[in-house]
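Good morning, colleagues. Please look at the sequence and the structure on the screen before I turn to two parts of the fold.

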Amino acid sequence: MENLVTIRDLAVRFYTYEGVVHAIDDLDLDIRQGETLGIVGETGSGKSMTALAILRLIPYPGRIESGSIVFFDRDGGGELELLTLSEGRMRSIRGNKISMVFQEPGSALNPVYTIGDQISEVFLLHRRQELGHRAKQRVESLLSDGSGLADSVRRPFWRWQRRLYNKIAQKSHPVEPRLLSHIPLFRRLLWRLQDEASLLTVNMLKDVEIPDPARVAVHYPHELSGGMKQRAVIAMALACSPKLLIADEPTTSLDVTIQAQMLELFRRIKADTGASVLFITHNLGVAAEVCDRVAVMYAGRLCEIAGVEEIFLHPSHPYTKALLDAVPMPGKELQTIPGALADALNPPPGCRFHPRCPSATPMCQQERARLKEVAKDHMVACHLC
């Protein structure tokens, strides 16, 4: 299976007054075409930072120190090194080729705009040419309806207006459309784009199984439940049919019933669109439900990666085994992982899990283990394997 995203030697640091935080350290990861890759681990292990690094949205005072993130855009873009692209080029990829469903839908939505306005903005930003073509077809069908309207408007002024409309729709006009919207003549042209975007927005809300989508589109975020807001955020992420959908713990704040609906929605999205999904979660049960492969991270490093069945049936890394033992099971005493997550300001040498590992050896304290294949498509970073 071909790779969609290839990450090599990725390092992310946060420069604070207390010291340098090692958020991600020499990460190697592949996201394959059409798969759902899960990233699991404790809070603070670097799962969300990996996703934000792909989109180059690392918050201040963090920065990507080194590494390579290659996105294989097979629709004409070729191999794109995301870390070296200009900010303008990255803006054309975010929300278009690569989209993200953030952890808290309430904070991801702007409280002063309606749901419909926020989803329409995605269409207006990335699909304006398509909207312009659709609007132009509607106008021309109106002009040819035999009602005499065509004779009243087909004049040199209309031809000039249509040429300008095409430039605005294709973003080839040098004047910002927001400035043109203050001129009554041009406002009507932009309204047609917005009308088309609103129609597509209602269809997107319908696709994510929101009941009465036209009514929901005119609501504000505070008027929706947690599950409805999450569906709206997913609709926004899917608006441009991205090649990669990043879901950062999308079921954390939802009750069990809504969680099941969300997981079923993600499965349907993957089947319908063929997109790859990077699914970040700390819930191993959720990972088992939706993922094809699972990557286990600890303290900014990748410990183990394998197919979902392989990693649950034959875990190799001590940290992976400890995570599985910590899952509550009926009739089984709850197990915990002793100690605390490694300090990112002063990480331990060698294997970062060795202070908590019951099987640690002197080599684990001195030398970092590199990923090696212990079975087909099963990679582990451990001296004991």
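A crossing is left-handed if the near helix is turned anticlockwise from the far one by less than a right angle, and right-handed if clockwise. By that convention, helices α11 and α12 cross in the right-handed sense. This is a predicted model, in which local features need pLDDT of at least 70, side-chain atom pairs count only at pLDDT 80 or more, and totals for chains, interfaces and linings use all residues. Residues are numbered from 1 along each chain as its sequence is written, and side-chain values use heavy atoms, with hydrogens and water left out.

Helix α11 covers residues 226–238 and helix α12 residues 256–273; their axes lie 11 Å apart at an angle of about 15°. Angles under 35 degrees count as roughly parallel, so α11 is roughly parallel to α12. In the contact (heavy atoms within 4.5 Å), α11 contributes Gly-227, Gln-230, Arg-231, Ile-234 and Leu-238, while α12 contributes Ile-258, Gln-261, Met-262, Leu-265, Phe-266 and Ile-269.

I now turn to strand β3. In β3, residues 36–40, five of five residues are buried, meaning under 20% relative accessible area with a 1.4 Å probe, protein chains only. Thr-36, Gly-38 and Val-40 point one way from the strand, and Leu-37 and Ile-39 point the other way.

Which strands pair with β3? Strand β8 (residues 276–280) runs parallel to β3, joined by four bridges, and Leu-37 has Leu-278 of β8 as its bridge partner. Strand β9 (residues 293–298) also pairs with β3 in the parallel sense, over four bridges; there, Val-40 is partnered by Val-296. Pairing requires at least two DSSP bridges between two strands.

How values were computed. Axes fitted to C-alpha atoms, helices over the stretch in contact; angles between N-to-C directions. Helix = DSSP H or I, 4+ residues; strand = E, 2+ residues; numbered from the N terminus. Parallel < 35°, antiparallel > 145°, perpendicular 65-115°, else oblique. Buried < 20%, exposed > 50% of the residue type's maximum accessible area, 1.4 Å probe, protein only.
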